[in-house]
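Please look through the sequence and the fold shown here before reading on.

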Amino acid sequence: MTDERAKGVVTGVFVARDGSSSLHGFVTVPAAALTLDHAGIPGDLHAGLTRRSGPREPWLPRGLRLRNDRQLSALCPVELAEIAGRLDLPTLPPEWLGANLLIDGLPDFSRIAPGSRLAFGGDWGGKGRFDGRAILRVEAYNMPCRRAGRAVAAATGRKGLEFAFVKAAAALRGLVLSVDLAGPIAPGDAVVLIPPVTPKGG
């Protein structure tokens, strides 16, 4: 039986450390590899089992302790190129947007359904079982925000991009993820998309 799961590849990995960037606090820097635990990337700005509620949860008071569903963020080079074109930029480095992962080869990347899994560093060996090293859960589409726009504006010296970025990145901003199976991720790793389980029929 042919395995028809969508497959991609990791083309870059990055970390965000407090004080690591002069452009903006959440801007990431390239890394040789990531080693994940169940809180995310040790030492990364967004690591943790919990996070504080904020503007993304307008139904809650700010500052409440929530499960951290934003441990990592992932972007796609095809979508980055489209955003760059809309902003009249030659390129848009994933670091400027705080990416932890750059993943190529998965169609409609920003539209991957929440509840899907991204399985890294393995294949399926014809047995329908993952034989890789790490699995991340897709939590949500990562809505564009002015924070990322400010980073792009600072990097380019074009102040107007703080606001223009939000519109230009609509439906292309990538995904936020949490750790299901802790382990290493490195450039060149295969990525297998595991769709969420949904009811059959209508």
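A residue is called buried when its relative accessible area is under 20%, exposed when this is over 50%, and partly exposed in between. Leu64 has a relative accessibility of 37%, and therefore counts as partly exposed. The coordinates in which this is computed are those of a predicted model. Leu64 is placed in the loop that links strand S4 (50–52) and strand S5 (65–67), and, once neighbours within four places in sequence are left aside, Leu64 is in contact with Arg51, Arg52 and Ser53. Between Leu64 and Gly54, which are 10 residues apart in sequence, the C-alpha to C-alpha distance is 8.2 Å.

Ile112 belongs to the loop between S7 and S8, and with a relative accessible area of 8% Ile112 is buried. Not counting residues up to four places away in sequence, Ile112 touches Leu106, Val138, Leu175 and Leu193. Arg158, by contrast, is 46 residues from Ile112 in sequence and 31 Å from Ile112 in space, taken from C-alpha to C-alpha.

The protein chain has three helices and 12 strands. Its radius of gyration is 17 Å, close to the 17 Å that the globule rule gives for 202 residues, so the chain is as compact as a globular protein of that length. Taken along the principal axes, the box filled by the C-alpha atoms is roughly 55 × 45 × 40 Å. Of the 202 residues, 45% count as buried, and the accessible surface comes to about 10200 Å², with 56% of this area belonging to carbon and sulfur atoms. Among the contacts with a separation of 6 or more, 70% are made by residues 24 or more positions apart.

The strand pairing can be followed from S8. S8 pairs with S9 in the antiparallel sense over four bridges, and S8 also pairs with S12 in the antiparallel sense over four bridges. Arg117 stands opposite Arg137 in S9 and opposite Ile194 in S12, while Ala119 stands opposite Val192 in S12. S12 is in turn joined to S1 by three bridges, and these two strands run antiparallel; here the bridge partner of Gly8 is Val191 in S12.

Which residues touch the most other members of the largest nonpolar core? In this core of 25 residues, they are Leu101, Ile103, Leu118, Phe120, Leu136 and Ile185. At least two residues of the core come from each of strand S1 (7–15), strand S6 (72–75), strand S7 (101–104), strand S8 (117–120), strand S9 (134–141), strand S10 (175–181) and strand S12 (190–194). A second, separate core has 23 residues, including Phe26, Ile83, Ala99 and Ala168. In soluble globular proteins, nonpolar side chains tend to be buried together. For Phe120, the contacts beyond four places in sequence include Val10, Leu101, Ile103, Phe130, Leu136, Ile185 and Val191, and Gly132, Arg133, Ala134 and Ala190 are also touched by Phe120.

In H1, the buried residues are Glu79, Leu80, Ile83 and Ala84. They lie on the same side of H1, because the arc they cover around the axis is only 140 degrees. The face turned away from this buried side carries the exposed residues Val78, Ala81 and Gly85. The cover over the buried residues of H1 includes S6, S7 and H3. Just after H1, Asp88 takes a positive phi of about 60 degrees.

Helix H3 (residues 161–168) can be described in a similar way. Leu161, Glu162, Phe165 and Ala168 are buried in H3. The arc they cover around the axis is only 130 degrees, which puts them on the same side of H3. On the other side of H3, Phe163 and Lys167 are exposed. Helix H1 (77–86) and helix H2 (146–156) are among the elements that cover the buried residues of H3.

Technical notes
Residues are numbered from 1 along each chain as its sequence is written. This is a predicted model: local features need pLDDT of at least 70, side-chain atom pairs count only at pLDDT 80 or more; totals for chains, interfaces and linings use all residues. Side-chain values use heavy atoms; hydrogens and water are left out. Buried means under 20% relative accessible area, exposed over 50%, partly exposed in between (1.4 Å probe, protein chains only). The arc is that of the directions from the helix axis to the C-beta atoms. Contact means heavy atoms within 4.5 Å. A nonpolar core is a set of buried Ala, Val, Leu, Ile, Met, Phe, Trp, Tyr and Cys residues joined through side-chain atoms within 4.5 Å. The radius of gyration is taken over C-alpha atoms; the globule rule is 2.2 Å times the number of residues to the power 0.38. Accessible areas come from the Shrake-Rupley method with a 1.4 Å probe; for residues, only the protein chains shown count as cover. Two strands pair if DSSP finds at least two bridges between them.
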